[in-house]
Amino acid sequence: MNESAHLWLIPLFPFLGFLLNGILGSRLPRRLVSAIGVLAPLVSLVVVLGDFGATVISAASSCPTCGQVTALALPASESLSYPWLAIGALHVDFTFVLDQLSAVMLLVVTGVGFLIHVYSVGYMKDEPGYARYFSFLNLFLFFMSVLVLAGNFLLMFVGWEGVGLASYLLIGFYFSRTSAADAGKKAFIVNRIGDFGFLIGIFLVLTTFSTLSFSKIAALLAVSPDWHGPVLTVICLCLLVGAAGKSAQLPLYVWLPDAMEGPTPVSALIHAATMVTAGVYMIARTHLLFDRSPVALWTVAIVGAATALFAATIGLVQNDIKRVLAYSTISQLGYMFMACGVAAYSAAIFHLVMHAFFKALLFLAAGSVIHAMGGEQDLRRMGGLRTKMPVTFWTMTAAVVAIAGFPPFAGFFSKDPILYAAFLQGTGGKLLWLVGLITALLTSFYMFRLWYLAFFGEPRSEVKHHHSTQLSMLVPLVILGILSVCGGWIGIERFSAYLAPVAAAHRPLPTGNPFLEAILSIVAVLVALEGWLIADKYYRRKPERPAAIAAALPTGYKVLLNKYYVDEIYGALIVKPLLAFSKFGLGGVDILLAGVAWLFAGIASITGMILQRWQSGNLRSYAAWLAAGAAAVLIFVLLSNGWLHLGFAVGWKGWPLR
Amino acid sequence: MSFLQHDVPISWYLFLSAVLFSLGVVGFLIKRNLITVFMSIELMLNAVNLSFVAFAYQWHEVRGQIFVFFVMMVAAAEAAVGLAIIIAVFRARSTLAVDRIDLMKL
Amino acid sequence: MHLILFFLFAGFCLAGAINLLLQTHPINSALSLIVVMTSLAVLYLLLGAEFLAIAQIIVYSGAVMVLFTFVVMLLNAGREERTLGSRAASRIGFPAVVALFAVLATILLHAQGLGSAHLGEGLSNAPGQSNLVLLSQVLFHELLLPFEVTSVLILIAILGAVAIAHVEGSKIAGSERTAEK
């Protein structure tokens, strides 16, 4: 069916929104700007829902007897292709592919995106640069949908770079603040380092497969099922570098906490739900390559697990509400990478979707809290907001419980399959499982710490905006809250079955038994409960104890508080030498340029000094030059006409007397 | 005597014209009195007139002579105006030395 | 005959020209120039250009050189001073002149097809007609416009000369009036 002609509508409307708001926005009334800004993702969402519904319906109708959605008779993908590059042996098209994976991802992007756009209408109401904000947000949606829909590496890279650009623009939205501008630059530069790895990976793919299209690569790989060369490992490691840069894994995670300088809805959309998950999406998209390289898979898993634990430990002691959430995001992304590393791609995507729900909700609720506190972000100065902001409180509770992994909320259904799949992978897998479990404990602890500090206890400072938060901010909170509660009820089995044609692992996974799975789930829930109880003890019943513990372990506390001094280490090891080198280089370039300029100036001035002597005003010298010029012209003309031969002295015959 | 009946080759007239012209240029370069410089210019003009007349004889073409006629007219006009300028310069500078008249503005 | 006359008057030309260069007082230079011009008139005669010879004497020697002499006497130009000199003139000018002369000489000496001048022949392509008739035929038929324009040119020159040489405040006129009273 040729319905794929409408795929380009999905990125088109956000792009139009970007153009309209970007160019005309400052002259349009606020309402029109909001309308344009909100309608664009809405239209995309409607189109995506239509497509998604079509795939679900066609799947259900293909197997009416079984109650499940099987993937057998689904159209593999709808694609829309437009010729782009045809240079020698390189052929790349503008190919948009809508298959199950991109459909799910697009639902998240446009759905959560739409909700956050609506939220922004209320949150950014009093900000200058309103139109700029919405145009950049729409730009981000455009590039993200390009990234998701891309059918080849090059188009995906275009979207990849584009979301990096949009992220930079939005992080540095309050550009008059130096910290915001610096954070934007840091994000872009660290992303760039990851992109370098991604590019090397793309080049290697091109040389190995002579094509960049995902479907063609899949076909090539299917032809030779036993190909496990080292080239594939190198490709996957390079792609991992790119994914680590975009998804804030070790060691390229340093930009994400600083990215909290941007407005809170931006943090919710870009740095929680969608852009940072692009790395996970990319690995899932190219999972056929990763399946062939156990080394790369293990690297992914180790990177993910290490990041998860690392970020969770930092998040324990942070005092800025958004920083806590940022490190939590990094940690959860680590979970997703771990899932990809054990080839449980569907579980990773499922956790991605669930995480989008509750993390976006957490950020939006935090935004609501910050808004009510008049811009205060320090947890130590909040407290007792439970009674003052009921809607925010209850939705945030739902999100916190979900992220901790308590059933029947969303996080439970998505985290457990990951831990279970990790456990099955032999001794290394069990180690991964243990790390994941400890991280779950820490996650539960610091999320509940945040919950207690913000909403319980005596108010430590005044609430500035006593009026109830606006409807445009509350409705998305409620919707996301509902999703956080019920989102997981789809179940991992149905989800995996749906995604199977595009995300199934290449080699068969070890199968466990449901009994083991149940035991592991109970262990995870108990661990989460333990985390809650610890947080309850230290932050509700004995709130003076944390300070005592911090005093007892001063170095440990300081190291954690300062994020293991990673930024400082990077600064000393990488940034300072680079700056010194560039100053040196710049000095050299300066000298070179100055030398060249001096040379030219010198030539001009010396020529001037020489020529100045000519303008003496002396009539006779003018006369002399006149005569010289006349003689020269005459000689030249005669020479060129051949009337004069330079050997005349030889041929002179004397007076022609007759 | 055949020597006396000999004809004068045209090239001798032309040679004389070249010599006179060169002498005119030399005078234009070395003389220090403005009026004398002007006279050297007149000498150059005359030399050219001579060569025109010689060529007019050579090619039996009267237009050469007509050109000389016009050159004479223009030279006369030029002499008039030039001398008036010299008078004005003398009034402004009180000197006729070429080397002293080295500023453009009077 | 032709040869003797040529050598004689060519010699006068050269002598006058060289004297022009060698003399220091401008009046001497002016008189030498008159000698040159008159000799040239004779040479024109030898080349069969009678009208031009007379015109040379009347216009050049008789009018232009008289003008020169008037100006020399009016401005009371004295002997030339030894002034600063011009290095450019000596270093660049002279080689230029030498080059110019060398070029001209070479051309002339290598020129082919130049004939000789016979005394008394004139422009022999129209036998029986004098030089003057030929001249006036061309001048007043084809070149009538340039001829008339030349007269306008002379008029302009006169006006220009008067305008440039005019004295502001006219002390001369004032002194004449006082003289009349």
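Modeller: Gladly. Keep in mind that this is a predicted model. Let us begin with a pair of helices: the axes of helix H3 (residues 34-59) of chain B and helix H2 (residues 26-46) of chain C come within 10 Å and cross at roughly 5°.

Colleague: Which residues of H3(B) and H2(C) meet?

Modeller: An α-helix has 3.6 residues a turn, so residues three or four places apart point the same way. In this case, H3(B) brings residues including Ile35(B), Met39(B), Leu43(B), Asn46(B), Leu50(B) and Val53(B). From H2(C) come, among them, Pro26(C), Ala30(C), Leu33(C), Met37(C), Leu40(C) and Tyr44(C). By class, the contact of the two helices has 13 nonpolar, three polar and one charged residues.

Colleague: And how many residues does the whole contact take from chain B and from chain C?

Modeller: The size of an interface is often given as the accessible area lost when the parts come together. Here we count residues instead: 63 from chain B and 73 from chain C. On the side of chain B that touches chain C, the elements giving two or more residues are strand S1 (8-9), helix H2 (10-30), H3 and helix H4 (62-93) of chain B. H4(B) supplies the largest share, 23 residues. That side of chain B divides into 47 nonpolar, ten polar and six charged residues.

Colleague: In which sense do S1(B) and S1(C) pair?

Modeller: S1(B) pairs with strand S1 (residues 116-117) of chain C in the antiparallel sense, over two bridges. Val8(B) stands opposite Ala117(C) in S1(C).

Colleague: Let us turn to chain A. How do I read the length of helix H1 (residues 9-24) of chain A?

Modeller: Compare its span with the expected one. H1(A) has 16 residues and reaches 22 Å from its first C-alpha to its last, close to the 22 Å expected at 1.5 Å a residue. Among the buried residues of H1(A) are Ile10(A), Phe13(A), Gly17(A) and Leu20(A).

Colleague: Is Gly487(A) buried or exposed?

Modeller: Gly487(A) is found in the loop between helix H19 (471-486) and helix H20 (492-503) of chain A. Gly487(A) is buried because 21 other C-beta atoms lie within 10 Å. Leaving aside neighbours within four places in sequence, Gly487(A) is in contact with Met354(A), Phe357(A) and Ala410(A).

Terms used: Residues numbered from 1 in each chain as written. Chains lettered and ligands numbered in written order. Predicted model: local features only at pLDDT ≥ 70, side-chain atom pairs only at ≥ 80, totals over all residues. Axes fitted to C-alpha atoms, helices over the stretch in contact; angles between N-to-C directions. Helix = DSSP H or I, 4+ residues; strand = E, 2+ residues; numbered from the N terminus. Contact = placed C-beta atoms within 7 Å. Nonpolar A, V, L, I, M, F, W, Y, C, P; charged D, E, K, R; others polar. Pairing = 2+ DSSP bridges. Expected span 1.5 Å × (residues − 1). Buried ≥ 20, exposed ≤ 12 C-beta atoms within 10 Å, placed from the backbone.
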